[in-house]
Amino acid sequence: MELTELDHVAIAVRDLDAAVRWYEEAFGARVAHREVVDHDGVEEALLAVADSYVQLLTPTRPDSPVARFLDSRGEGLHHVGYRVEDCA
C-alpha cells in the first residue's frame, strides 16, 4: 500500500461550535462539510486546507470512542487519515 496524500488531521474537541469559530477567526478557515455520524457517535466539521482537511470531532453520546478519548486524554490530535491508491 502506497500513501498518496494526507486526507485529514482529526482533532477531538468538547465544543464543536467553539472550535469552528476559533479556526475561522484564527486562520480564516471555512467549513466545507458538517454532519452527524450516528454509528460513530460523533459530529464532525471538515475545514478545507488546500487539498486536505482539518476534521474537528465531538461526541454525540458518552459511550462513543471520541467521548472516551476526551475523558482519558483531553482535547487534541485524535488521528491522521491518509489517501491510498487501493485500500484492499
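Q: What do buried and exposed mean here?
A: A residue is buried under 20% relative accessible area, exposed over 50%, and partly exposed in between (1.4 Å probe, protein chains only).

Q: Thanks. What kind of model is this?
A: This is a predicted model, where local features need pLDDT of at least 70 and side-chain atom pairs count only at pLDDT 80 or more, while totals for chains, interfaces and linings use all residues. Residues are numbered from 1 along each chain as its sequence is written, and side-chain values use heavy atoms, with hydrogens and water left out.

Q: Let's start with the rings, then. How many aromatic pairs are there?
A: There are three aromatic pairs in the structure. Rings of Phe, Tyr and Trp (its six-membered ring) pair if their centres lie within 6.5 Å; planes under 30 degrees apart count as stacked, over 60 as edge-to-face, and the rest as tilted. One of the pairs joins W22 and F27 edge-to-face, with 5.3 Å from centre to centre and 80 degrees between the planes.

Q: What else does F27 pair with?
A: Y23 is a partner too, in a tilted pair with 5.7 Å centre to centre and 45 degrees between the planes. W22, Y23 and F27 make up one aromatic cluster.

Q: And where do Y23 and F27 sit?
A: Both are in helix α1 (residues 16–27), four residues apart, or about one turn of the helix. Helices (H or I, at least four residues) and strands (E, at least two) are DSSP runs, numbered from the N terminus.

Q: Is F27 buried or exposed?
A: F27 counts as exposed, because its relative accessibility is 57%. W22 is partly exposed at 47%, whereas Y23 is buried at 16%.

Q: Switching to α2: which of its residues are buried?
A: In helix α2 (residues 65–73), those are V66, A67, F69 and L70. They sit on the same side of α2, because they cover an arc of only 160 degrees around the axis. That arc is taken from the directions from the helix axis to the C-beta atoms.

Q: And what is on the other side of α2?
A: D71 and S72, which are exposed.

Q: So what covers the buried residues of α2?
A: The cover includes four strands: β1 (3–12), β3 (42–49), β4 (52–59) and β5 (76–84). Contact here means heavy atoms within 4.5 Å.

Q: What follows α2?
A: G74 does, and its phi is positive, near 80 degrees.

Q: Now charges. How many salt bridges are there?
A: Five, where a salt bridge is a side-chain nitrogen of Lys or Arg within 4 Å of a carboxyl oxygen of Asp or Glu. Among them is R83 with D7, whose closest N and O atoms are 2.7 Å apart.

Q: Which parts of the chain does that pair link?
A: Distant ones: R83 is in strand β5 and D7 in strand β1, 76 residues apart. R83 is partly exposed at 23% relative accessibility, and D7 is partly exposed at 21%.

Q: What does E43 form a salt bridge with?
A: With R34, where the closest N and O atoms are 3.0 Å apart. E43 is partly exposed at 22%, and R34 is partly exposed at 34%.

Q: How about D63 — what is its partner?
A: R61, with the closest N and O atoms 2.7 Å apart. D63 has a relative accessible area of 45% and is partly exposed. Elsewhere, salt bridges with shared partners join E5, D7 and R83 into one network.

Q: Last topic, the surface. Which residues form the nonpolar patch?
A: L3, L6, L77, V80 and Y82, with about 480 Å² of accessible area together. Patches are made of residues with over 30% relative accessible area and no salt bridge; like charges are joined within 9 Å, and nonpolar side chains (Val, Leu, Ile, Met, Phe, Trp, Tyr) within 5 Å. The areas come from the Shrake-Rupley method with a 1.4 Å probe; for residues, only the protein chains shown count as cover.

Q: Which strand gives the largest share?
A: β5, with three residues. Both β1 and β5 supply at least two residues each.

Q: What does L77 touch?
A: V9, A10 and F69, leaving aside residues up to four places away in sequence. L77 lies in strand β5 and counts as exposed, because its relative accessibility is 54%. L77 and V13 are 64 residues apart in sequence, and 9.2 Å apart in space from C-alpha to C-alpha.
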